[in-house]
Amino acid sequence: MTSTTTLSCTMLILVTCIGKSRQTMNKFGIISLTKNGSQIARKVHEVLPESELFIPDKYALAKEKSFPKGGFKTCFTQIFQKFDCVICVMATGIVVRSIAGLVQDKTIDPAVLVMDEQANHVISLLSGHVGGANEWANELATLMNSDPVITTATDTEHVQALDVLADKYDGWYAEFKRVTKRINGRLADGLPVALYIEPSLVKNDVSTTGFTVLEDINQRSDNMPLIVISDRINFPKMADTIFVVPKVNVVGVGCRKDVSFSMMQEAFSAFCEERKIAWQSIVGIASIEKKEHEQAIHYLGRVLDVVPQFYTAEQLSTVESNYPQSAFVKKTVGVGSVAETSADIAANSRVVGKRFAHNEITFALAQKK
């Protein structure tokens, strides 16, 4: 990314390549087949408040959702497509045959757990890492006093998987499946993988077991790939380096009336280039309510796959004393600073650096808490 033009083109291309996240409104769907299985399913439902229960008609109690004889396949398909995690209280073989025609891709398939009818074991069957099945299997096993059954290689070797680490940071990286397979394979085999985390992003409660953690990015040996967790793009070119970009930044936007889409994109690209910030790190866009009609702001939101937030002048005024103010802006919209105060309120954090102005558009950056 050596120019604003390159950044603009890259931004538009990569947005179309990022896999769509699974959009669900429900967390856990629990389904059973037998009388004993239904009793266990009810206990699972009790310990998981964010769950829905599906029981065969002949075993269902009043107000329980049920499916008729012969309706298991239809019900299972609906649950698979609706929920983040499907918990099946039944034999593993039945579940394997049921998901065979439904599985699409590890980036969008739900987690699938299997529990036996005595609640002895909780098996992480599908989407162990990306879908969260491994983590949920461990949590459910704890709640039900069961044994979790995890078979993914990095977990059995007790090392942190790259995709799990990235998820802890809400991070994005290119060529997800190919890179994940390669790096996780190395970690499972005990081969070295270097890891550098931007100091401001270090989380003490996130495991890095299996990685060779570097305090200085230049400490890496030549024989190992390097994972960099950072929201920045100011690194020199380095061979065999994977950048994991966490979604941590919020951009506040101020602009004159009716700025064009091209003006917005050019200004945003220049802003990212000047601040050396990775555009994939943007998790929020914010402005004042009086700019809610500005289509260029909504255009930027669509490009970044972020829904812009708009705040009243009264809300923004609560933090405006923290930033330089313009008498003209205050007279026009009711607050002396739009970009900085919007970023501050949306991120619940003070703005980093000075505001950036280009094409009659201003940007300010804050890191989300």
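Mentor: Start with contact: it means heavy atoms within 4.5 Å. Among contacts between residues at least 6 apart in sequence, 61% join residues at least 24 apart. Now the ground rules. This is a predicted model, where local features need pLDDT of at least 70, side-chain atom pairs count only at pLDDT 80 or more, and totals for chains, interfaces and linings use all residues. Residues are numbered from 1 along each chain as its sequence is written, and side-chain values use heavy atoms, with hydrogens and water left out.

Trainee: How many helices and strands does the protein have?
Mentor: Helices (H or I, at least four residues) and strands (E, at least two) are DSSP runs, numbered from the N terminus. Here there are 13 helices and 17 strands. The C-alpha trace spans about 70 × 55 × 35 Å along its principal axes.

Trainee: What share of the residues is buried?
Mentor: Buried means under 20% relative accessible area, exposed over 50%, and partly exposed in between (1.4 Å probe, protein chains only). Of the 369 residues, 50% are buried. Take L214, in strand β10 (residues 212-214). L214 counts as buried because its relative accessibility is 8%. Beyond its neighbours within four places in sequence, L214 touches A194, L195, Y196, Q219, R220 and L226.

Trainee: At what angle do helix α2 and helix α5 pack?
Mentor: Axes are lines fitted to C-alpha atoms, for helices over the stretch in contact, and angles run from 0 to 180 degrees between N-to-C directions. Under 35 degrees counts as roughly parallel, over 145 as roughly antiparallel, 65 to 115 as roughly perpendicular, and the rest as oblique. Helix α2 (residues 35-47) and helix α5 (residues 133-144) pack at about 105°, with axes 10 Å apart. So α2 and α5 are roughly perpendicular.

Trainee: Which residues meet there?
Mentor: From α2 come I40, K43, V44 and V47; from α5, L140, L143 and M144. The contact of α2 with α5 has six nonpolar residues, no polar and one charged. For those classes, Ala, Val, Leu, Ile, Met, Phe, Trp, Tyr, Cys and Pro count as nonpolar, Asp, Glu, Lys and Arg as charged, and the others, Gly among them, as polar.

Trainee: How many aromatic pairs are there?
Mentor: Rings of Phe, Tyr and Trp (its six-membered ring) pair if their centres lie within 6.5 Å; planes under 30 degrees apart count as stacked, over 60 as edge-to-face and the rest as tilted. The count is 13 aromatic pairs. One of them joins F268 and F271: tilted, 6.3 Å centre to centre, with 45° between the planes. Both F268 and F271 lie in helix α9 (residues 261-275), three residues apart, about one turn of the helix. F268 also pairs with F363, edge-to-face, at 5.8 Å centre to centre and 70° between the planes. F268 lies in α9 and F363 in strand β17 (residues 361-367), so this pair ties together parts 95 residues apart in sequence. Both F268 and F363 are buried. Elsewhere, ring pairs link F67, F72, F76 and F80 into a cluster.

Trainee: What about phi?
Mentor: Most residues other than glycine have a negative phi. A119 has a positive phi, near 60°. A119 lies in the loop between β5 (111-115) and β6 (121-126), and is buried, with a relative accessible area of 9%. S127 also has a positive phi near 60°. S127 lies in the loop between β6 and α5.
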